[in-house]
Amino acid sequence: MGLAAYLCVSAALFVIGLCCILARKGSLHVLIGLVMILNAASLNFVAFARFQSEPQDGRVFALFVLVVGALEVVLALAIFAQTKRAERS
Amino acid sequence: MKLSALMFAACLFAAVFAGAHFAGPIGAAFGLFALLTVAGGLVALFQSSATRGAAGWCASLLGTAGLFLLLGSDFLAMAQVLLGVGGLLALVVFAALLAEHDPRERNFARILAVLLIAAPIAAFIVWQCAKLAEFTRSQPGANSKSEAEQLGIALLDPARYAAALQVVGVLICVVLVAAGHFTKRANAEEPG
């Protein structure tokens with residue numbers, strides 16, 4: 001498959017993530033939308049890297065994006081859990 | 001629910017057969033993973049329940065991992081499944097169980113309006129990227145080393161990404177300490 005096919009999937013994922021952030025009010029949906037946008041960026045990095053002579057650069061960036069996305073979710077969920085507890089007490 | 005399942009099955013068959021028609025078995029796999037990625041994202045976008053949305057998100061993560069595999073990044077695909085599906089999804093489902101379900105939070109008109117605004121922007125981005133893609137090779141380059149070996153060499157090379165790897169390590173430490181601090185403070189504030 002060519003590069004354009006991967007770019008189309010990545011763009012679709014980006015739009016869906018953006019809509020999740022802009023159109024939903026629930027904090028979990030916003031978080032899921034953010035991670036989807038990061039996934040779209042990773043897919044772009046890996047796809048462009050695949051069609052270059054030095055594929056490691058894009059893959060390293062995709063790995064960093066994956067780690068940063070995971071950290072973002074961990075921190076956001078910690079804040080979310082604390083907010084829920086504060087609401088209950 | 002039955003109608004949406006039937007529509008999904010029809011789209012799945014269409015994507016797989018179209019991919020197989022244009023690019024053989026690789027195309028069929030691409031159709032399957034691309035549809036899984038986009039359809040999972042759409043489920044996460046349109047579902048009012050956070051738990052079902054997280055299930056759609058899981059499908060999207062698995063589809064992306066499959067696309068990574070097709071792009072020759074087996075290590076990234078494994079990391080995506082382990083970190084995304086195994087770790088993050090468990091956390092999000094746990095938080096979804098804590099959260100109260102609010103059916104009025106989803107507004108179809110708002111979602112469709114944002115989709116209509118964002119889709120032309122994405123089409124413009126793809127068009128620009130496709131112009132950029134003309135400068136890249138049409139065929140992927142062959143490399144004898146495994147992807148994990150290449151990644152390891154690039155990450156530990158002081159002239160390339162060793163410093164960035166240290167920064168990411170510090171970031172992980174800071175975020176874990178901050179998350180622990182939040183949880184500990186919440187525990188200390190609870191009466192009794």
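Predicted model: local features only at pLDDT ≥ 70, side-chain atom pairs only at ≥ 80, totals over all residues.
Welcome to this structure, where Leu28(A), Ile32(A) and Val46(A) in H2(A) meet Leu76(B), Val92(B), Ala95(B) and Ala96(B) in H3(B).

- The contact of H2(A) with H3(B) has seven nonpolar residues, with no polar and no charged ones.
- The axes of H2(A) and H3(B) lie 12 Å apart, and the two helices pack at an angle of about 175°.
- H2(A) is therefore roughly antiparallel to H3(B), since angles over 145 degrees count that way.

**The largest nonpolar core**

- In soluble globular proteins, nonpolar side chains tend to be buried together.
- Here, the largest nonpolar core has 71 residues, and Ile32(A), Val46(A) and Leu67(B) have the most contacts inside it.
- Two or more residues of this core come from each of helix H1 (3–23), helix H2 (27–50) and helix H3 (56–88) of chain A, and likewise from each of H1, H2 and H3 of chain B.

**Where the chains touch**

- Chain B brings 69 residues to the contact and chain A brings 59 residues.
- On chain B, at least two residues of the side that touches chain A come from each of helix H1 (2–46), helix H2 (50–70), helix H3 (74–98), helix H4 (108–133), helix H5 (147–156) and helix H6 (162–189).
- H4(B) gives the most to that side of chain B, with twelve residues.
- Sorted by class, the side of chain B that touches chain A has 48 nonpolar, 15 polar and six charged residues.

**Chain B on its own**

- Of the 192 residues in chain B, 25% count as buried.
- Among the contacts in chain B with a separation of 6 or more, 45% join residues 24 or more positions apart.

**Confidence in chain A**

- Chain A averages a pLDDT of 86, and 99% of the residues score at least 70.
- Among the elements of chain A, H2(A) has the highest mean pLDDT (90) and H3(A) the lowest (85).

Key
Residues numbered from 1 in each chain as written. Chains lettered and ligands numbered in written order. Contact = placed C-beta atoms within 7 Å. Helix = DSSP H or I, 4+ residues; strand = E, 2+ residues; numbered from the N terminus. Nonpolar A, V, L, I, M, F, W, Y, C, P; charged D, E, K, R; others polar. Core = buried A, V, L, I, M, F, W, Y, C linked by C-beta atoms within 7 Å. Buried ≥ 20, exposed ≤ 12 C-beta atoms within 10 Å, placed from the backbone. Axes fitted to C-alpha atoms, helices over the stretch in contact; angles between N-to-C directions. Parallel < 35°, antiparallel > 145°, perpendicular 65-115°, else oblique. pLDDT = per-residue confidence, 0-100.
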